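Here is a short report on one structure.

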Amino acid sequence: MVGLVRAAAYSPGADRPGPARAAADEDLFTLAATALERVLPDPVPSGAPIPIDLVGDFDPAFDWAFPVLLGTPVALHREVGGPAGLRRALERAEPAGGPAHLVVLAELPSRRTGPTAVAKAEDGAVAFLLGDGGTAIAGQLPPPAEGTSSGLPEARAVRRALGEAAPSARWIGDWEPGSERQIDVGAPPAETRFAVSEGAYVSRPRYLENLPSRWRFEAEECPFCGTTTFPARGRCRGCGSREGLRSRRLPRDDALVVAATVIGPGGQPTEFDPQVTAQGGYGVVLAELAPGQRVTLQVTDAEPGRVRIGDRVDTRLRRLYATEGEWRYGRKAVPRATESRRGPS
Ligand SMILES: [Zn+2]
């Protein structure tokens, strides 16, 4: 039976009181990316394009980024945001069938200005994975919500309606905003220095070329000497071979922090000047994704210096900086969420 297989919610700042508010380095795309990464198996089964219904004000100029994010071909379909759009997408996804169909809704009311601004509405995203063996949705959806333009409450109503009836479905992430999240408040960190790249700027062609490694942590395994090369560069760093390299995705969560530092104002690459002007310094960590495979990441969603050596971090796609008229995106480290917050999986 085709139906709901799994659903994930992402509520920014779920550990803080008050309505969920996206951080300065989040936008509609990164909210959706986090929900999609939570709901999908990693790596994503590739093959036929995966249909994705985008519910919300997604910029069509950014369509190219979804297949890059997931590492698989996709077929995008748009729905207007809000409860009605979510409902239409869920109802359409079910009979469409196939091994996987995604519905993702993202909302960012805190960025709206003028008369349409909604003071109390939440920022956030939900993603539904439908496929064979899932729980039927038809006839299970709650009556449409009235008097709201927000789809997130509707998504939670869907969860309540299906939660009991869909024991096979998995509900991942921040379905209950405000649920506990481990906050590590300890002694000030011992500062460790290590080389940070002198400049963050990369040309657009180079940026696009490197996205599989930057966004999905794609590495290459050499069939001749067994070396794993990360970031992938089309050439084995062990023996130099360019033949037969196999793509392998390194884990994007639960990385071990092996070095940590704080970049104070004035120490940042110039691309980060606006960020530092607005928010001050930021943390940077060297994180081990897998034995011997390390990556330097900016820290977000945490005070500078809070993430320390020996901590575990998850990684999320976030805005890095604006250049050449567009935002560049990359993964950043966030303090590792507790299992209770992530829910059963
Ligand atoms: Zn090799």
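The protein has 7 helices and 14 strands. Helices (H or I, at least four residues) and strands (E, at least two) are DSSP runs, numbered from the N terminus. This is a predicted model: local features need pLDDT of at least 70, side-chain atom pairs count only at pLDDT 80 or more, and totals for chains, interfaces and linings use all residues. Residues are numbered from 1 along each chain as its sequence is written.

Of the 345 residues, 39% count as buried. Buried means that 20 or more other C-beta atoms, placed from the backbone, lie within 10 Å of a residue's own.

Helix α1 covers residues 28-39. In α1, 12 of the 12 residues are buried, so the helix is largely enclosed by the rest of the structure. Among them are L28, F29, E37 and R38.

An open sheet has 5 strands in the order β12-β11-β10-β13-β14, with antiparallel pairing. Strands pair if DSSP finds at least two bridges between them. β12 and β14 stand at the edges with a single partner strand each, so one side of each lacks a neighbour in the sheet.

| Strand | Residues |
|---|---|
| β12 | 293-298 |
| β14 | 326-335 |
| β11 | 282-290 |
| β13 | 312-323 |

β11 and β12 run antiparallel, joined by 6 bridges. A290 has Q293 in β12 as its bridge partner. Helix α1 packs on this sheet, touching β13 and β14. Contact means C-beta atoms, placed from the backbone, within 7 Å.

Methods:
Expected span 1.5 Å × (residues − 1). Contact = placed C-beta atoms within 7 Å. Axes fitted to C-alpha atoms, helices over the stretch in contact; angles between N-to-C directions.
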